[in-house]
Amino acid sequence: MTQPEIFGRYQLLTLAGSGGMAQVHLARQVGPDGYVKPCVLKRIVPNLVSDPALRRMFMEEARVSALLNHPNVVQTFDYGEVDG
């Protein structure tokens with residue numbers, strides 16, 4: 001069995017889907033004392049990460065989605081940047 005890719009404080013378990021600008025991974029957040037929280041993580045596809053305009057749009061999407069609270073919308077708990 002292969003080790004999960006580490007992405008900041010998350011472990012990427014499986015690629016759930018990929019589109020034009022982003023990948024969605026089944027993941028888990030790992031913390032102290034055995035804390036593990038299953039989650040889904042969206043990140044920019046590697047070949048587009050160097051595009052500053054795309055990075056700004058992606059971060060703005062995350063910021064706005066974090067403001068939403070509705071039973072039919074997936075909740076955003078965290079957003080940020082890992083290793084540039």
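How do the residues of the lining of the largest pocket divide into nonpolar, polar and charged? In this predicted model, the lining comprises 17 nonpolar, seven polar and nine charged residues.

View 1. Strand E1 covers residues 5–7 and strand E2 covers residues 10–18. The two strands pair in the antiparallel sense, with three bridges between them. Within this pairing, Ile6 stands opposite Gln11 of E2. Two residues separate E1 from E2 in the hairpin, and Gly8, which lies in the turn, has a positive phi of about 65°.

**View 2. The hairpin of strands E2 and E3.** Strand E2 also runs antiparallel to strand E3 (residues 22–30), to which it is joined by seven bridges. The hairpin that links E2 to E3 passes through three residues.

**View 3. The largest pocket and its centre.** The largest pocket holds about 1000 Å³ of space. Its lining is made up of 33 residues. Those nearest the centre of the pocket are Leu41, Lys42, Arg43, Asp78 and Tyr79.

**View 4. Strands and helix in the lining of the largest pocket.** Strand E3, strand E4 (36–44) and helix H1 (52–67) each contribute at least two residues to the lining. Strand E4 gives the most, supplying eight residues.

Terms used: Residues are numbered from 1 along each chain as its sequence is written. This is a predicted model: local features need pLDDT of at least 70, side-chain atom pairs count only at pLDDT 80 or more; totals for chains, interfaces and linings use all residues. Side-chain values use heavy atoms; hydrogens and water are left out. Two strands pair if DSSP finds at least two bridges between them. Helices (H or I, at least four residues) and strands (E, at least two) are DSSP runs, numbered from the N terminus. On a 1 Å grid over the protein atoms alone, a cavity is a set of points where a 1.4 Å probe fits but cannot get out, and a pocket is an open set with protein on both sides within 12 Å along at least five of seven lines; lining residues have an atom within 4 Å of a point. Grid points are joined across faces, edges and corners, and a volume is the space filled by probe spheres set on the points. Ala, Val, Leu, Ile, Met, Phe, Trp, Tyr, Cys and Pro count as nonpolar, Asp, Glu, Lys and Arg as charged, and the others, Gly among them, as polar.
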